[in-house]
Amino acid sequence: MGGAELSPAPLPRSFFDRPSHEVAPDLLGRVLVHGPVAVRLTEVEAYGGPGEDPAAHTYRGRTPRNAVMFGPPGHLYVYFTYGMHFCANLVCLPEGSGSAVLLRAGEVLDGLDTARARRSSRGKPPPDRDLARGPARLAVALGLAREHNGLDAVLEGSPAGRPHQSATVLEGRPPAPGLVRSGPRTGISTAKEVPWRFWIDGDPTVSPYRAHVPRRRSAAATSVGEAPSS
């Protein structure tokens, strides 16, 4: 792990057994390791539970898609969005609760060559600051996809007892409290004023804030009786 000041100790499951808006700011500076790549988290977003947070996938209850969010805390909830991207979350609260924290951005510490190769376009990787700058980019850099949905990211007991463990959240290096900022969540259409997006102030890997922009249907679509989106 790059940097002697980073703690390699794994976070316990009890760390995640709290409300997501409490876990989220505490995740800043922690390190998520998956295979050869390690990312220090610099930006996250909290999402509440059923009937509580209209922007959460679990707002209307349990479905096959969001079932992992109702499982034990500390597991990865990986979902597919916009028909092209995967995004990764860490489940919070006790089993049955349905809450998680979206991992929005981070700094790649280890496995740079692997992350660059995964994020390359036509053989050319982006600048290192952009390797995991945004939730979809972070998932690509870490190699997280559909098959990792439900993966346990808590390493408890002897590693020898977890031969298939391939994801772990480490203590890392939390930022000074004065560097933690919060604000509205990015690109959502409901509950967008809730200040549950947290980031490390001044960190170059934090993604730019984008307010939700409603999608408009084409004139061809509306001409056959479909109303435009609002």
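Colleague: Where does histidine 34 sit?
Modeller: In this predicted model, histidine 34 belongs to strand S2, which covers residues 31-34.

Colleague: Buried or exposed?
Modeller: Histidine 34 has a relative accessible area of 8%, and the cut-off for buried is under 20%, so histidine 34 counts as buried.

Colleague: What does its side chain reach?
Modeller: The side chain of histidine 34 comes to 2.6 Å from the backbone oxygen of leucine 142.

Colleague: And which residues is histidine 34 in contact with, leaving aside neighbours within four places in sequence?
Modeller: Leu142 again, plus Gly143, Leu144, His148, Leu151, Ser166 and Ala167.

Colleague: New topic. How many residues are in the largest nonpolar core?
Modeller: That core has 53 residues. Phe16, Leu27, Val44, Leu76, Leu90, Leu103 and Val169 have the most contacts inside it. Among the elements giving two or more residues to this core are helix H1 (20-27), strand S3 (37-47) and strand S6 (99-110).

Colleague: Which residues does leucine 90 contact, again leaving aside neighbours within four places?
Modeller: Its contacts include Phe16, Leu27, Leu76, Leu103 and Val169. Gly74 and His75 are also among them.

Colleague: What about a second core?
Modeller: A separate core of six residues includes Leu6, Val33, Ala38 and Leu170.

Colleague: Last one: how much space lies in the largest pocket, and what lines it?
Modeller: The space is about 1200 Å³. The lining has 35 residues, with Thr81, Tyr82, Thr186, Gly187 and Ile188 nearest the pocket's centre. By type, the lining divides into 17 nonpolar, 11 polar and seven charged residues. S3, S4, S5, S6 and H3 each supply at least two of the lining residues.

Definitions and conventions:
Residues numbered from 1 in each chain as written. Predicted model: local features only at pLDDT ≥ 70, side-chain atom pairs only at ≥ 80, totals over all residues. Heavy atoms only, no water. Core = buried A, V, L, I, M, F, W, Y, C linked by side-chain atoms within 4.5 Å. Buried < 20%, exposed > 50% of the residue type's maximum accessible area, 1.4 Å probe, protein only. Helix = DSSP H or I, 4+ residues; strand = E, 2+ residues; numbered from the N terminus. Contact = heavy atoms within 4.5 Å. Polar contact = N/O pair within 3.5 Å; in protein donor to acceptor, adjacent residues only side chain to side chain. 1 Å grid on protein atoms, 1.4 Å probe; cavity = no way out; pocket = protein on both sides within 12 Å on 5 of 7 lines; lining within 4 Å. Points joined across faces, edges and corners; volume = space filled by probe spheres on them. Nonpolar A, V, L, I, M, F, W, Y, C, P; charged D, E, K, R; others polar.
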